[in-house]
Amino acid sequence: MSDKNIRAQAHETRARSVDAHAVKIRTEGRGFGFLKTLLVGLIIIAQLVFVILIYLGILNAISWYAIVAIVLSLICCLHVLSTHKAGQTKAVWVMFLLIFSSFGYIAYVLSSEDIFFAKNKKRYKKIFARTAQYNGDGVLPESLPLAVKRDAEFLFSSGKFKTYFNSRLKYYPSGARLFDEVLTALEGAKKFIFIEYFIISDGKLLNAITDILLRKVQEGVDVRIICDGMGSHGTISFKTKRKLRKGGVKLRTFNPILPHFSFALNIRDHRKIISVDGVCAFTGGCNLADEYINAKRMYGYWKDTGLKIEGEAVDGLTLTFLRQWELLTRKEEDYSQFFNRYEKTESSSAVVPYADGKDYAVPIGKSVYENVISSSLKKLYIMTPYFVPDEQTFNMICTKAMAGVDVRLILPGVPDKAYVYAVTKDYAERLALSGVKVYIMRHAFVHSKVMLSENCVALGSVNIDLRSYYNQFENGVYTDDLNVREEVEADFEKTFKACNLIESVKVRKNIFKRMTAGVMRLFAPLM
């Protein structure tokens with residue numbers, strides 16, 4: 001064998017060794033995340049088993065307990081029916097209390113937000129009171145279109161969200177285009193970078209962002225990151241977190257997964273916010289992970305959207321981030337240093353950055369969507385990954401279609417959660433029977449959360465499901481900006497061509513399928 005062949009063979013052997021080592025490292029990382037999740041799950045299960053054993057012991061010792069438990073569960077049923085919970089949520093609780101009457105009332109009482117989320121609610125109340133000066137006065141110009149004015153008035157009265165005018169918006173029909181702009185904006189940061197995401201995941205995108213953030217910290221930029229404890233659990237490694245923190249990045253986790261049972265585990269931070277220097281901000285449906293830029297294919301092509309804001313409205317997203325940051329750090333600071341830093345721009349378009357979550361008394365994300373639906377007279381286009389609404393939202397959409405409004409819904413052709421998709425498809429078929437044009441995007445997972453009417457656009461992190469409506473912290477932007485409306489409509493028209501239309505005449509009326517979907521709809525609040 002010649003020297004040349006020997007060297008080539010040796011090089012190939014070393015390459016295989018390096019590749020094998022790399023795979024081993026990645027596999028070990030995933031294994032650690034899985035084992036950590038399994039350990040936490042086992043500890044929580046052990047706690048529940050322990051509580052059940054104690055309960056059974058009490059039940060055997062006190063014969064009259066069963067009667068008392070039934071009475072208490074019935075009282076809880078009456079309380080459920082008197083609340084403002086969604087109809088599906090009430091149905092689930094009543095069924096649970098009647099079936100498991102001997103201990104159902106205990107679970108119901110412990111699930112009350114006034115118990116498991118009481119401390120955080122008090123903190124939010126103090127934070128909002130201390131920072132009320134940044135809410136604005138709610139005054140709107142008379143020239144504002146009536147439908148837009150009513151929506152803006154609702155957003156101010158329900159959450160004190162200011163309507164900004166001198167702002168410039170740019171819509172992105174894909175995550176790749178959005179994050180190209182994000183990387184450019186991060187490179188130009190001089191004062192601060194605020195990032196808040198449900199999912200932050202190791203990969204090419206995070207590596208590129210991390211390199212920039214570490215350099216910016218060295219330049220004196222204040223870099224802060226909030227990630228959700230469940231959404232980012234097992235996706236961002238301990239190594240990456242340590243690298244960020246060691247480099248000077250301030251990183252906080254919202255509601256981390258801990259080895260003890262709590263109903264608060266269901267409360268998640270689903271927001272998607274980036275604010276850079278108070279000069280520009282980004283939001284939309286995208287999380288911070290490779291699949292959102294199609295650098296990794298999980299469920300076919302990943303269809304997502306985003307929005308860039310420049311001008312006054314940047315302050316709205318900055319304020320939402322700072323309030324969440326103060327909750328997690330429990331440290332007061334002067335917000336004024338982060339506001340009024342935008343470049344002056346002139347525009348008469350209304351822009352309302354809004355948020356939703358346990359820090360607000362009403363389900364704002366749900367109400368925004370319903371207001372858009374209600375005011376639509378000509379067209380209503382919706383793009384969403386999950387369609388598991390309450391009956392009120394569902395009936396409003398059906399009514400609009402039957403009244404002659406051009407109602408169209410785009411759903412994914414490739415599901416990421418089979419059980420949610422089954423309920424979504426059932427709702428979609430029921431919509432088709434009412435005249436809604438339901439489109440299924442071929443070979444793609446649609447993750448966009450966009451609603452368009454002839455009056456406005458609402459987009460952000462809010463899904464059309466009960467988790468987004470009632471259990472998660474969300475954010476979005478409402479606007480009547482003409483350019484954005486045209487860009488969003490052009491994106492819809494392009495996406496329609498990549499979809500298959502569900503024809504109402506071909507919708508099967510399978511009784512078993514309907515019954516199964518009906519039972520699954522009862523558990524929509526958990527999806």
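Which residues of α3 are buried? Hello everyone, let's start with that one. Keep in mind that we are looking at a predicted model.

Helix α3 covers residues 87-99, which makes 13 residues. From its first C-alpha to its last it reaches 18 Å, close to the 18 Å expected at 1.5 Å a residue. And here is the reply to my opening question: the buried residues of α3 are Gln88, Thr89, Lys90, Val92, Trp93 and Leu97. Notice that a lysine, Lys90, is on that list.

Now for some other lysines. Lys119, Lys122 and Lys126, together with Arg330, form a positive surface patch. Let's pick out Lys119 from that group. You can find Lys119 in helix α6, residues 118-130. Is Lys119 buried or exposed? Its relative accessible area is 66%, so Lys119 counts as exposed, the cut-off being over 50%.

My last topic is backbone angles. Most residues other than glycine have a negative phi. With that in mind, please look at two residues here.

One is Asp277, with a phi near 65°, a positive value in a residue other than glycine. Asp277 sits in the loop between β6 (272-276) and β7 (280-284). With a relative accessible area of 6%, Asp277 is buried.

The other is Asn340. Its phi is positive too, about 55°, although Asn340 is not a glycine. Where is Asn340 placed? Look in the loop between α11 (314-329) and β10 (351-356). Asn340 is exposed, and its relative accessible area is 61%.

How values were computed:
Residues are numbered from 1 along each chain as its sequence is written. This is a predicted model: local features need pLDDT of at least 70, side-chain atom pairs count only at pLDDT 80 or more; totals for chains, interfaces and linings use all residues. Side-chain values use heavy atoms; hydrogens and water are left out. Patches are made of residues with over 30% relative accessible area and no salt bridge: like charges are joined within 9 Å, nonpolar side chains (Val, Leu, Ile, Met, Phe, Trp, Tyr) within 5 Å. Accessible areas come from the Shrake-Rupley method with a 1.4 Å probe; for residues, only the protein chains shown count as cover. A salt bridge is a side-chain nitrogen of Lys or Arg within 4 Å of a carboxyl oxygen of Asp or Glu. Lys and Arg count as positive and Asp and Glu as negative; His and the chain ends are not counted. The place of a charge is taken as NZ of Lys, CZ of Arg, CG of Asp or CD of Glu. Helices (H or I, at least four residues) and strands (E, at least two) are DSSP runs, numbered from the N terminus. Buried means under 20% relative accessible area, exposed over 50%, partly exposed in between (1.4 Å probe, protein chains only). The expected span of a helix is 1.5 Å times one less than its number of residues.
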